[in-house]
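Hi everyone, thanks for coming. Have a look at the slide with me, and I'll talk you through a few things I picked out.

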Amino acid sequence: MALCPTCKIFYDPALRICPKDGTPLPADTTDPNIGSMLEGKYRIDAFISSGGMGSVYRGMHVMLDKTVAIKLIRKELVTTPDIGARFQREARAASNLGHPNIASVSDFGQTGEGTLYLVMEFINGASLREIIQREGPMPPDRIVAILQPIASALARAHRHHVIHRDLKPHNI
């Protein structure tokens, strides 16, 4: 799938121009994960973003025909069994938060090659970072309207002893 850099809508990889706004669609052929199957149930369709821990992809649970977000943890970070155990604890904790402003976690594991993965609810839309870049400064009432659900989600996480270690506009 191709992601339009302007409108942030995914299109069939055969398309080369966004039908909505005419932006040329990038063809991502460099990522070996695109098109691969994860554990026989998740097809990795498109790269979304990357960070210090790994990369996030849009995928498909093929048996359920359901779009998901898949986070693959960089292999070089998995150097000891302790890291795998910590990841498992965090995935379990995150999967039990149950808050409307927190992406739900539905699966996690480790591939035969040692890659840790986390499967989450896919939320289509612009990140707060993209909105700020596109629209610039916001009026105070809009900022409050954005921050209230964030604070509510963080409060739920903290009550469950979960600390978000990478809170930034790109992840909202």
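Predicted model: local features only at pLDDT ≥ 70, side-chain atom pairs only at ≥ 80, totals over all residues.

**The sheet and its salt bridges**

Let's start with strand E8 (residues 116-121), which is joined to E6 by 5 bridges, the two running antiparallel. Strands here are DSSP runs of at least two residues, helices (H or I) are runs of at least four, and both are numbered from the N terminus.

Residues are numbered from 1 along each chain as its sequence is written, and side-chain values use heavy atoms, with hydrogens and water left out.

Now, in what order do the 6 strands of the open sheet come? The order is E3-E4-E5-E6-E8-E7, with antiparallel pairing; two strands pair if DSSP finds at least two bridges between them. E3 and strand E7 (105-110) stand at the edges with a single partner strand each, so one side of each has no neighbour in the sheet.

On to salt bridges, meaning a side-chain nitrogen of Lys or Arg within 4 Å of a carboxyl oxygen of Asp or Glu. The whole structure has 5 of them. In one, lysine 41 meets aspartate 107 at 3.0 Å, N to O. That pair links distant parts of the chain, 66 residues apart: lysine 41 is in the loop between E3 and strand E4 (42-50), and aspartate 107 is in strand E7.

Is aspartate 107 buried or exposed? It counts as buried, because its relative accessibility is 13%, whereas lysine 41 is partly exposed at 29%. The cut-offs are under 20% relative accessible area for buried, over 50% for exposed, and partly exposed in between, with a 1.4 Å probe and protein chains only.

Arginine 43 and aspartate 45 also meet in a salt bridge, at 2.6 Å, N to O. Aspartate 45 is buried at 10%, and arginine 43 is partly exposed at 31%.
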